[in-house]
Amino acid sequence: MKKVWSHLKHVVSQDNDEDEDSKKDLVAGVSHSHSYGSTGNGETDSYVPYHEIADQESINCPTCKGTGRIPRGQEDQLVALIPYSDQRLRPRRTKLYVSIAVATCLLLCAITIFFLFPRSIFLDHAGLNSSLINFDPNTDTVNINITNILNITNNNFYSIRILSINVDMLHVNTVVGQVNKEVKMNINPVTTKQLYYMVPNVLTDNTTFKICTWSAIKVHNVLLHIQARITVSYLAHEEQVSLDTFEYIDCRSNTTVPRPVSPPETAKNHFSFHEWQRKS
């Protein structure tokens, strides 16, 4: 009986010792977790407690300030918990970056619109280059073959292409000459080129014939009304540019010597009367 009683006392004392040890471990664990969870100033730290794995097959934990380790090969499976107060969750200079991006986009749009915005194409009658005049007394007809100069100004920041030219010559509201011709000519940005065009005119009224042939009259000028239109192509778009002007022709003189005002590159656009005679 005494042996049984002593054995029970021994077992009870061991259980008490184990309870005291577990309590001590619990208190130590709580203090240990507090040492990781807070600082001396009472502020919450930017990481949570962890259990370090003492294994060679592991890598540094990216969310434990580089002091913890996680098993190698499980980087894509583990979920990292980052505290709300972590600095990596706070955006830095977001407004500055957004403002710079918006300003850059607006600047690029403004530059694109400035250079691609269509500008006016001007036509200017530069004057008479040459003329050839002959008379037909049987029909009281005056034949005037005129070569005029047309200045074309491109104010755009891109090249344009002249496709065709249409010219009507009128005398006293009557069409006396026409020309419709295809022209393949490119004009560089912000430049001016000259285009030569020849129009054969036939004046059949008796009054004009007398003005041009009578020697008693000192002034032999004939007023012609010029209506010119050119077709222009640029940026996959075609449009027509028109010119409406007047020109005086001395119909008494047989010929007018051509004036050398054409630049060399526009000489190929000169349609002479002799070429017109050979084609006709």
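Which residues of the largest nonpolar core touch the most other members? The legends below begin with an overview and then take up this core.

**Figure 1. Overview of the predicted model.** This is a predicted model, in which local features need pLDDT of at least 70, side-chain atom pairs count only at pLDDT 80 or more, and totals for chains, interfaces and linings use all residues. Residues are numbered from 1 along each chain as its sequence is written, and side-chain values use heavy atoms, with hydrogens and water left out. The protein contains 4 helices and 10 strands, where helices (H or I, at least four residues) and strands (E, at least two) are DSSP runs numbered from the N terminus. Along the sequence, these elements follow the pattern α-β-β-α-β-β-β-β-β-α-β-β-β-α. Of the 280 residues, 29% count as buried; buried means under 20% relative accessible area, exposed over 50%, and partly exposed in between (1.4 Å probe, protein chains only). The accessible surface comes to about 19200 Å², and carbon and sulfur atoms account for 57% of this surface. Accessible areas come from the Shrake-Rupley method with a 1.4 Å probe, and for residues only the protein chains shown count as cover. Among contacts (heavy atoms within 4.5 Å) between residues at least 6 apart in sequence, 64% join residues at least 24 apart.

**Figure 2. The largest nonpolar core.** Leu150, Ile152, Ile162, Val167 and Ile230 touch the most other members of this core, which has 37 residues. At least two core residues come from each of strand S3 (121-136), strand S4 (141-154), strand S5 (160-171), strand S6 (174-187), strand S7 (191-203), H3, strand S8 (221-234) and S9. The contribution of S8, 7 residues, is the most given to this core. A nonpolar core is a set of buried Ala, Val, Leu, Ile, Met, Phe, Trp, Tyr and Cys residues joined through side-chain atoms within 4.5 Å. With neighbours within four places in sequence left aside, Val167 is in contact with Gly177, Gln178, Val179, Asn180, Tyr197, Val199, Ile226, Gln227 and Ala228.

**Figure 3. The disulfide of Cys212 and Cys251.** The sulfur atoms of Cys212 and Cys251 lie 1.9 Å apart and form a disulfide, defined as a pair of cysteine sulfur atoms within 2.5 Å. By this rule, the count is 1 disulfide. The torsion about the S-S bond of Cys212 and Cys251 is about -100 degrees, so the disulfide is left-handed. The pair links distant parts of the chain, 39 residues apart: Cys212 is in helix H3 (residues 206-213), and Cys251 is in the loop between strand S9 (237-250) and strand S10 (255-256). Cys212 is buried, at 0% relative accessible area, and Cys251 is buried, also with a value of 0%.

**Figure 4. Cys105 and Cys109.** Cys105 is in no disulfide; its nearest cysteine sulfur belongs to Cys109 and is 6.6 Å away. For Cys109, the closest cysteine sulfur is that of Cys105, and the distance of 6.6 Å is too far for a bond. Cys105 counts as partly exposed at 46% relative accessibility, and Cys109 is partly exposed with a relative accessible area of 46%.

**Figure 5. The salt bridge of Arg229 and Asp168.** The structure holds 1 salt bridge, a term for a side-chain nitrogen of Lys or Arg within 4 Å of a carboxyl oxygen of Asp or Glu. It is formed by the side chains of Arg229 and Asp168, at 3.6 Å from N to O. Distant parts of the chain are linked by this pair, with Arg229 in strand S8 and Asp168 in strand S5, 61 residues apart. Arg229 is partly exposed, with a relative accessible area of 27%, whereas Asp168 is buried, at 13%.

**Figure 6. Surroundings of Ser164.** Ser164 lies in strand S5 and is buried, with a relative accessible area of 17%. Beyond its neighbours within four places in sequence, Ser164 is in contact with Lys181, Glu182, Val183, Arg229, Ile230 and Thr231.

**Figure 7. A nonpolar surface patch.** Leu107, Ile111, Phe114, Phe115, Leu116, Phe157, Val190 and Leu235 form a nonpolar patch on the surface, together with about 750 Å² of accessible area. Patches are made of residues with over 30% relative accessible area and no salt bridge; like charges are joined within 9 Å, and nonpolar side chains (Val, Leu, Ile, Met, Phe, Trp, Tyr) within 5 Å. Val190 lies in the loop between S6 and S7 and counts as exposed at 52% relative accessibility.
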